Amino acid sequence: PTLFATPSKRNDVESIETISETRRWLIDCFGCTEESLGRMLQDSQYQGSDCSDLKVRADWLQQRLDLTEKQTKKLIQKNPTILSRKSETLEPKLEYLQSR
């Protein structure tokens, strides 16, 4: 099964390349471990995501939470599945948590 590519939109070779590229990007940019990536890849919301999708989400989180690059990296290392959540889903939760 492909995890980072939508099979209906890409052929098998492109899907495998997208998965590899995304894994490499997460390891290089955020220092994710293979173990954390394994947990993350089990999350069905990652299906169809590629580097550009995940980068947009990481940038949004960094800006929204006013984090430094180091803080963003630490957040994603500890909880890589946060990148599977879209900003429209996270925004109300963040609003609630910040108002407490």
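The crossing of helices α3 and α5 is right-handed in this predicted model. Two packed helices are described by the angle between their axes and the distance between the axes. Here, α3 covers residues 51-64 and α5 covers residues 87-99; the angle at which they pack is about 20°, and their axes lie 12 Å apart. Angles under 35 degrees count as roughly parallel, so α3 is roughly parallel to α5.

Which residues of α3 and α5 make the contact? On the α3 side they are Trp 60, Leu 61 and Arg 64. On the α5 side they are Ser 87, Leu 90, Glu 91, Leu 94, Glu 95 and Gln 98.

The next step is the chain as a whole. It contains five helices and zero strands, and reading along the sequence gives the pattern α-α-α-α-α. The chain has 100 residues, and 32% of them count as buried. Contacts can also be sorted by how far apart the partners are in sequence. Among contacts between residues at least 6 apart, 64% join residues at least 24 apart.

Is Ser 20 buried, partly exposed or exposed? Its relative accessible area is 42%. Partly exposed covers the range between the buried limit of 20% and the exposed limit of 50%, so Ser 20 is partly exposed.

A disulfide is a covalent bond between the sulfur atoms of two cysteines. How many disulfides does the structure hold? The number is zero. For Cys 32, the reason lies in a distance: the closest cysteine sulfur belongs to Cys 29 and is 9.3 Å from the sulfur of Cys 32, which is too far for a bond. The cut-off for a disulfide is a pair of sulfur atoms within 2.5 Å.

Accessibility can be given for both of these cysteines. Cys 29 has a relative accessible area of 36% and is therefore partly exposed. Cys 32 has a relative accessible area of 6%; because buried means under 20%, Cys 32 is buried.

Conventions
Residues numbered from 1 in each chain as written. Predicted model: local features only at pLDDT ≥ 70, side-chain atom pairs only at ≥ 80, totals over all residues. Heavy atoms only, no water. Axes fitted to C-alpha atoms, helices over the stretch in contact; angles between N-to-C directions. Helix = DSSP H or I, 4+ residues; strand = E, 2+ residues; numbered from the N terminus. Parallel < 35°, antiparallel > 145°, perpendicular 65-115°, else oblique. Left-handed = near helix turned anticlockwise from the far one by under 90°. Contact = heavy atoms within 4.5 Å. Buried < 20%, exposed > 50% of the residue type's maximum accessible area, 1.4 Å probe, protein only.
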